Amino acid sequence: SARFAPDAMGGLADWSTVLTPDRLTPREALIAAANAYLDGGAPDGVDRRENGVRTEGAVRPAGPAAARDRRFPLVDETRGLVWAFAVVDVPAGSRRAPHSVLTAELLRIVGGRVETVLAVTRDLPQGASAGWALPKPPRTKKGP
């Protein structure tokens, strides 16, 4: 990615804060909010930083096929945090060829709404493997 400011990649102070009971989101709803974010990008009002650089608006194409090979290895209900990994397939743009992006994003979700995202991304060739996805089983012939 052209966006890279390693000196600005520190965390935010309130991320370690335990949420009050009225601001908690159940685990399933946290994952649903993270999936919705991966499907449609960062909605307006989300403080998103990619490789240390603040981004504005949607940062990925909308649609469920855009982000694949998703993993959520950490879900912390008490702090409203979801650590998401995915590969995002990006179509050709006005100045870029089609490519894929490996992304690791820490989302702060409060009351079911994504508030803050810290993302680390790496551009890959289009269609690149995540490295953790299982290969598709070989096709077998049906019938004689």
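**Reading salt bridges in a predicted model**

User: R49 and D47 form a salt bridge in this predicted model. How far apart are the closest N and O atoms?

Analyst: The closest N and O atoms of R49 and D47 are 3.2 Å apart. The general idea is a cut-off: a side-chain nitrogen of Lys or Arg must lie within 4 Å of a carboxyl oxygen of Asp or Glu.

User: How many salt bridges does the structure hold?

Analyst: Eight.

User: Is D47 buried or exposed?

Analyst: Take the threshold into account: buried means under 20% relative accessible area. D47 has 17% relative accessibility, so D47 counts as buried.

User: Which residues are linked with R49 in a network of salt bridges?

Analyst: D47 and R54. Together with R49, they make up the network.

User: What about D76, which residue does it bridge to?

Analyst: D76 forms a salt bridge with R79. The closest N and O atoms are 3.2 Å apart. Now apply the accessibility reading. D76 is at 18% and counts as buried. R79 has a relative accessible area of 27%, so R79 is partly exposed.

User: Which side chain meets D69 in a salt bridge?

Analyst: That of R68, at 2.9 Å from N to O. For accessibility, partly exposed covers the range between the buried and exposed cut-offs, 20% and 50%. D69, with a relative accessible area of 23%, is partly exposed. R68, at 21% relative accessibility, also counts as partly exposed.

Methods: Residues are numbered from 1 along each chain as its sequence is written. This is a predicted model: local features need pLDDT of at least 70, side-chain atom pairs count only at pLDDT 80 or more; totals for chains, interfaces and linings use all residues. Side-chain values use heavy atoms; hydrogens and water are left out. Buried means under 20% relative accessible area, exposed over 50%, partly exposed in between (1.4 Å probe, protein chains only).
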